[in-house]
Amino acid sequence: PSVERVKERGIPVYRITGAVMLCDPLFWIRLWRCIKSINPDLMHAHLWAANFSARIVGRLLGIPVVNTIHNKLVFQGAFRNTIDFVSMPLAQAVIGVGPVIVSMGKRWPYDEKKIACIPNGIDADAIYKKAMSEQVFREQFGWSAAHVVIGSVGRFEEQKNDHTLIKAFARVHTHFTQTRLLLVGGGSLEHSLRLLVKELGIEEAVQFVVGKTAYGYYPLMDAFVLSSHYEGLSIALLEAISCGVPCLSTGNNGVHELIQTGNTGILIQEPTQDAVYKALNDFMLLHDKGKSIAQRAQELVRTQYSLEHMAVSYAQVYTRLLQKNN
């Protein structure tokens, strides 16, 4: 879908692959040829493999490179961290999507002036309108207004820590039987998560939605939970806030740039079952204050995490690099 949106704006799109796998020798030859033929003034790469590829090709062709770091590098593993440690200085600018990521990056072997913090941004009003236009209603799942729907959106992978969320929800459900859990996503752990739900005997209280966009499901949530082991600044979290949903989220060492307990949400102190259970239980006890908490978070997202603010910040980085390079 993202590729199609780019094409609709008349922007050329190029797909680079190797002979038998993404990054085999033929991939590097094709990438080098493609970039050389386009001859861009600047390259901007996202995610680990693209970041590394851009650094190498950018240096070979004399093109300035911007890298975006979405998560704490410590979670990449020793092999990837070693490659990053050696090659990161080849990038002319490094963007961290949150203060914790930026502070972590300052320990790496390159000039701190290269590092900038630009939080992920979204068009909150557009997200809200889209959610309303695609709204899914509780009756589809046999739920009513009396049920308290706790939702989560994301890939069913180890990083997202959904097993812990399900176990914590099962404990909450024994005290608050009106609670329901909605998991929107897809991934390699789907079967394992479904088995866990069955083992805990909470099939009637848990609903999986797989292979569908999340927008229409935010409006039926009473709370959104992000129980990840680690995150940058989650787009799903920003979307939920934009839709007026009270949010519970893990942070980094008990800190989150957006979620403050009792003010803009509930911070889950650590990605453990006890901590997630406590946050869910606190939400149930503070349920009547959820609307005011969500409104404060909404206003914060609109003013400090807007798509416009993000775009302007990136444009400033590009302008600085291009002026320096000319």
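Author: We'll go through salt bridges, nonpolar cores, a helix pair and some backbone angles.

Author: Before that, some ground rules: this is a predicted model, where local features need pLDDT of at least 70 and side-chain atom pairs count only at pLDDT 80 or more, while totals for chains, interfaces and linings use all residues. Residues are numbered from 1 along each chain as its sequence is written, and side-chain values use heavy atoms, with hydrogens and water left out.

Reader: Okay, salt bridges. How many are there by the rule?

Author: The general idea is that side chains of opposite charge can pair when their charged atoms come close. The rule asks for a side-chain nitrogen of Lys or Arg within 4 Å of a carboxyl oxygen of Asp or Glu. That gives nine salt bridges here. One of them joins E4 and K7, at 3.9 Å from N to O.

Reader: Why are E4 and K7 separated by about one helical turn?

Author: Because they sit three residues apart in helix α1, residues 2–8. Helices here are DSSP runs (H or I, at least four residues), strands are too (E, at least two), and numbering starts from the N terminus. E4 is partly exposed at 44% relative accessible area, and K7 is partly exposed at 45%. The scale goes like this: buried is under 20% relative accessible area, exposed is over 50%, and partly exposed is in between, using a 1.4 Å probe and protein chains only.

Reader: And K160 with E231, are they buried or exposed?

Author: Both K160 and E231 are buried. Their salt bridge has its closest N and O atoms 2.4 Å apart. The pair links distant parts of the chain, 71 residues apart: K160 is in the loop between β5 (148–155) and α7 (162–175), and E231 is in the loop between β8 (223–226) and α9 (235–242).

Reader: Which residues touch the most other members of the largest nonpolar core?

Author: In soluble globular proteins, nonpolar side chains tend to be buried together. A nonpolar core is a set of buried Ala, Val, Leu, Ile, Met, Phe, Trp, Tyr and Cys residues joined through side-chain atoms within 4.5 Å. The largest one here has 34 residues, and L182, Y218, M221 and F224 touch the most other members. Its largest share, five residues, comes from α9. Apart from this core lies another, of 32 residues, including F176 and L280.

Reader: Now the helix pair. At roughly what angle do the axes of α2 and α3 cross?

Author: Axes are lines fitted to C-alpha atoms, for helices over the stretch in contact, with angles from 0 to 180 degrees between N-to-C directions. Helix α2 (residues 25–38) and helix α3 (residues 48–61) have axes that come within 10 Å and cross at roughly 55°. That makes α2 oblique to α3; under 35 degrees counts as roughly parallel, over 145 as roughly antiparallel, 65 to 115 as roughly perpendicular and the rest as oblique. Contact, meaning heavy atoms within 4.5 Å, involves residues including W28 and L31 of α2 and I56 and L60 of α3.

Reader: Last one: what is phi of N39 near?

Author: Most residues other than glycine have a negative phi. Phi of N39 is near 55°, a positive value. N39 lies in the loop between α2 and β1 (43–46) and is exposed at 57%. L47 also has a positive phi, near 75°. L47 is in the loop between β1 and α3, and is exposed at 56%.
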